[in-house]
Amino acid sequence: MYSKSENLFEQAKRVIPGGVNSPVRAFKSVGGTPIFMERAQGSYMYDVDGNKYVDYINSWGPMILGHAYEPVVKAIQDYATRSTSFGAPTELETRIAELIIGMVPNIDMIRMVNSGTEACMTAIRIARGVTGKNKFIKFEGCYHGHADAFLVSAGSGVATLGIQAVPGVTTSVSQDTLTAPYNNLPAVQQLIAENPDQIAAIIVEPIAGNMGCILPQPGFLEGLRQLCDENNILLIFDEVMTGFRLARGGAQELLGIRADLVTFGKIIGGGMPVGAVAGPRAIMENLAPAGKVYQAGTLSGNPIAMIAGYTLLNTLNENPVIYQQLQEKATYLVNGLREAFGGAGVVHQINQIGSMLSAHFTEYPIIDFASASAANNELFRKFFHAMLERGIYLPPSAFESWFMCNALTTEDLDATIQAAKSAMQAIK
Ligand SMILES: *Cc1c(COP(=O)(O)O)cnc(C)c1O
């Protein structure tokens, strides 16, 4: 069933460390060998062995309208004949900046980079530059990319591999990274009290998606906002995952909470490698060349990436009904999954918000990294493979959010629910 994938993986391992260009693709957490893809269309992916899957990764988020979304593909094709990069400004960069500033609350300016990692790295640098302080607080199980300072209690990929201290990250860097459990405001208060006038920023996934999908408890983000205001700390919302996914304006809009800086990735590039950091003018003008906080990128604002992102974002902006449709599809799926798990007598928790969700096999609520880790992740491993065999491609780790796309049909959702029922009967 997977012989070509297995063969390609053997070849890849000879020339690429671990056979993949990003660790979570290697299936380490669930076992088995990664599936090599050939093409994808709408809600389906097709592998090199000719298997077809309903896709719940959607390139880890960007494919919110499904794969090979025609307007995006067409825009890329049309633009590519002009050149794939100039190294000089284009009008397109201003137009996408205006579009995003119109969609997202509390931002006046935006800087494009090439990944979510770069975006978060830059946000911390700005916060340090603006406040003149060195330390920052992040939450256990939240992922903000692979920059040195973030590889402390870093969620999904790192959690999946069971890595604690990351070789290559020096203690002098990681000692400026303070961590608290997600949803634990007293722990944050204590860190601030213990490090007076030393904390530049608190960076948080406003809805956490890198330890499964975990919602902020009432008062948590409001409390962070207040602590930041009282202590001259910048609040950074890492919306690399939630931006443009949960609402046009991301979690800031959905939850009505203001961040001082916000980072984007994933959807913003329409499947091309793009990230961005955005905020109010007074903060953003600290970035070079307007200010002294240096940041640069040879391919930043790349025209092919910009036209892909612009086309996708513009569609989302003009059709807010998409978010309602995604919500309805998610509710339908979650109800069906509850029936499938419950029918098999399997204890479970399903966390869901908009088109993000995750399933954990435990009777306890999943509110932070510790509770996500304590769930029956061995059962998830079996569930993942049973679903894969039934043509449903889930994220290959219990520490990842599932992403839904609007190309999913009722038939796809029914097929997924049927697969879950049969999978659970087979493995429980
Ligand atoms: C994916 C992700 C990142 C990193 O983005 P890359 O483009 O993979 O560098 C950062 N933060 C969050 C919340 C993410 O989900």
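How far is a nitrogen atom of the ligand from an N or O atom in the side chain of Asp238? The separation is 2.6 Å. The views below all come from a predicted model.

**View 1. Polar pairs between the ligand and the protein.** Asp238 supplies a side-chain N or O atom at 2.6 Å from a ligand nitrogen. Lys266 also takes part: a polar atom of the Lys266 side chain sits 2.6 Å from a ligand oxygen. Gly116 uses its backbone instead, with a polar atom there 2.8 Å from an oxygen atom of the ligand. Taken alone, the ligand exposes 380 Å², and 83% of that is buried by the protein.

**View 2. The shell around the ligand.** Ser115, Gly116 and Thr117 are among the surrounding residues. Tyr143, His144 and Gly145 also belong to the shell. So do Glu205, Asn210, Asp238, Val240, Met241 and Lys266. By class, the shell holds 3 nonpolar, 6 polar and 3 charged residues.

**View 3. The sheet of 7 strands.** This open sheet has mixed pairing and the strand order S4-S10-S9-S8-S7-S5-S6. Strand S4 (109–113) forms one edge and strand S6 (177–180) the other; each pairs on one side only. From one strand to the next, the twist averages 20°. Helix H3 (residues 91–103) packs on the sheet and touches S4 and S9. The direction of H3 makes about 125° with that of S4.

**View 4. Pairing of S9 and S10.** Strand S9 covers residues 261–264, and strand S10 covers residues 275–279. The two run antiparallel and are joined by 3 bridges. Phe264 stands opposite Ala276, a residue of S10. Strands of a sheet pair through backbone hydrogen bonds, either parallel or antiparallel.

View 5. Strand S12 (residues 356–360) pairs with S14 over 2 bridges, in the antiparallel sense.

View 6. Strand S1 (residues 37–41) pairs with strand S2 (residues 44–47) in the antiparallel sense. The pairing has 4 bridges. Gln41 stands opposite Tyr44 in S2. The hairpin has 2 residues between its strands. Gly42 lies in the turn, with a positive phi of about 60°.

View 7. Most residues other than glycine have a negative phi, and most peptide bonds are trans. Ser59 has a positive phi, near 55°. Ser59 is placed in the loop between strand S3 (52–55) and helix H2 (70–80). Pro289 sits in the loop between helix H10 (281–284) and helix H11 (303–318).

How values were computed:
Residues numbered from 1 in each chain as written. Predicted model: local features only at pLDDT ≥ 70, side-chain atom pairs only at ≥ 80, totals over all residues. Heavy atoms only, no water. Near = heavy atom within 4 Å. Polar contact = N/O pair within 3.5 Å; in protein donor to acceptor, adjacent residues only side chain to side chain. Areas by Shrake-Rupley, 256 points an atom, 1.4 Å probe, with all protein chains shown as cover. Nonpolar A, V, L, I, M, F, W, Y, C, P; charged D, E, K, R; others polar. Pairing = 2+ DSSP bridges. Axes fitted to C-alpha atoms, helices over the stretch in contact; angles between N-to-C directions. Contact = heavy atoms within 4.5 Å.
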